[in-house]
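Me: I'd like to learn how to read the local features of a protein model. Please take me through them one at a time.

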Amino acid sequence: MSIKITGTGSYIPANIETNENFHNHEFLNSDGSTINAPNEVIVKKFKAITGIAERRYAKNHLNTSDLASFAAEKAIENAKINREEIDYIIVAHNYGDLRHNSIQSDTVPSIASRVKHLLQIKNPKCVGYDLLFGCPGWVEGVIQANAFIKSGIAKKCLVIGAETLSRVIDPHDRDSMIYSDGAGAVIVEATDEVGGIIAHESATYAQDEAHFIYFGETNKQEINDKRRYIKMYGRKIYEFAITNVPQAIKSCLDKSGININEVKKILIHQANEKMDEAIVKRFYELYNMQMPDGIMPMSIGKLGNSSVATVPTLYDMILKGNLENQEIKKGDILIFASVGAGMNINAIVYKH
């Protein structure tokens with residue numbers, strides 16, 4: 001028996017927010033002081049560092065649970081399974097359902113329960129729960145699904161990563177340009193086919209790193225309200241990621257027994273193009289190798305950083321032929337990897 005992803009689906013919101021749309025924003029430093037550069041320069045520098053030219057925002061009437069259910073429907077259809085046979089619905093997110101123009105997140109009932117309701121799954125033995133693990137949440141959900149199936153308590157799991165980060169961004173913070181909305185979903189199940197999940201690795205660094213990504217006040221200090229926004233210490237995250245993620249991926253690959261030359265694709269969380277490139281380059285340097293061309297597919301340029309949704313969306317896009325010059329063939333060795341709030345890191349070695 002192997003444990004494989006048998007179906008994928010994603011939902012990419014229709015609303016496109018281009019970099020030019022930020023030219024009229026009032027960007028401020030974290031202390032409220034004015035940034036000594038015009039917005040055109042700020043945006044151009046942002047594009048050079050992150051690789052992001054545009055991102056997607058959900059329509060006002062849609063919430064995280066809606067996006068999650070859209071991706072889930074596609075994954076169920078792609079896997080050709082009976083939805084009533086799903087044992088677990090695991091939904092990775094970070095902010096719940098945050099309605100447009102609301103200042104309060106809504107997580108009761110859980111997003112997973114809402115998704116089950118939207119999917120109209122009647123079976124009470126289909127258990128839904130939410131997973132809060134920062135950006136690596138979807139990868140961790142797949143790891144948990146693998147454990148459930150290995151233990152014998154489940155045969156089929158639906159794992160979703162969904163987020164509407166556009167509703168937790170500070171319009172006065174340059175970092176707001178990074179974030180986007182979206183959802184990706186997979187069916188994970190036991191199968192007689194060869195391949196599947198070979199090895200995995202997870203870690204949490206919380207001694208000094210726990211608050212590198214946090215919820216904080218707007219940069220515009222004159223505004224006096226109770227709203228909080230996603231904030232981060234970008235330089236600290238970059239240094240943490242390029243130091244710790246390559247070693248975590250190496251540990252996972254070494255545990256798998258797979259030779260690095262067999263790896264065909266590394267699907268890494270689409271956080272920041274420069275940072276992702278540095279991580280994968282350093283990973284190969286641990287084996288005294290150069291990073292091969294085309295090994296690291298990227299979707300961040302068009303889709304931005306949708307947190308838990310980036311890896312499953314990227315995977316689905318490649319499998320459906322929607323990412324130029326990228327393909328995954330049967331038998332290919334893949335690595336899924338992510339880093340994010342917590343600070344958490346994880347990786348999976350997977351045979352497609």
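Me: Let me start with one proline: where does Pro-109 lie?
Reply: Pro-109 is in the loop between β4 (88-92) and α3. Helices (H or I, at least four residues) and strands (E, at least two) are DSSP runs, numbered from the N terminus. This is a predicted model, in which local features need pLDDT of at least 70 and side-chain atom pairs count only at pLDDT 80 or more, while totals for chains, interfaces and linings use all residues. Residues are numbered from 1 along each chain as its sequence is written, and side-chain values use heavy atoms, with hydrogens and water left out.

Me: Which peptide bonds are cis here?
Reply: Most residues other than glycine have a negative phi, and most peptide bonds are trans. Here the bond from Val-108 to Pro-109 is cis, with omega near 0°. Another cis bond runs from Gly-342 to Met-343, with omega near -10°. Met-343 belongs to the loop between β12 (333-340) and β13 (344-351).

Me: And what is the phi of Lys-80?
Reply: Lys-80 is not a glycine, yet its phi is positive, about 55°. Look for Lys-80 in the loop between α2 and β4.

Me: How do α2 and α3 pack?
Reply: Two packed helices are described by the angle between their axes and the distance between the axes. Axes are lines fitted to C-alpha atoms, for helices over the stretch in contact, with angles from 0 to 180 degrees between N-to-C directions. Helix α2 (residues 64-79) meets helix α3 (residues 111-119) at about 55°, their axes being 9 Å apart. The two are therefore oblique to each other (under 35 degrees is roughly parallel, over 145 roughly antiparallel, 65 to 115 roughly perpendicular, the rest oblique). Their crossing is right-handed, that is, the near helix is turned clockwise from the far one by less than a right angle.

Me: Which residues of α2 and α3 meet?
Reply: With contact taken as heavy atoms within 4.5 Å, α2 brings Ser-65, Asp-66, Ala-68, Ser-69, Ala-72, Glu-73 and Ile-76, and α3 brings Ile-111, Arg-114, Val-115, Leu-118 and Leu-119. That contact has seven nonpolar, two polar and three charged residues (nonpolar: Ala, Val, Leu, Ile, Met, Phe, Trp, Tyr, Cys and Pro; charged: Asp, Glu, Lys and Arg; polar: the others, Gly among them).

Me: At what angle do α5 and α6 cross?
Reply: The axes of α5 (residues 234-256) and α6 (residues 273-285) come within 8 Å and cross at roughly 40°. So α5 is oblique to α6, and this crossing is right-handed. Among the contact residues are Ile-237, Tyr-238 and Leu-253 of α5 and Met-275, Ala-278 and Phe-283 of α6. By class, the contact has twelve nonpolar, no polar and three charged residues.

Me: What lines the second largest pocket?
Reply: This pocket holds about 380 Å³ and is lined by 19 residues, with Tyr-57, His-100, Ser-166, Arg-167 and Ile-169 nearest its centre. The lining has six nonpolar, eight polar and five charged residues.

Methods: 1 Å grid on protein atoms, 1.4 Å probe; cavity = no way out; pocket = protein on both sides within 12 Å on 5 of 7 lines; lining within 4 Å. Points joined across faces, edges and corners; volume = space filled by probe spheres on them.
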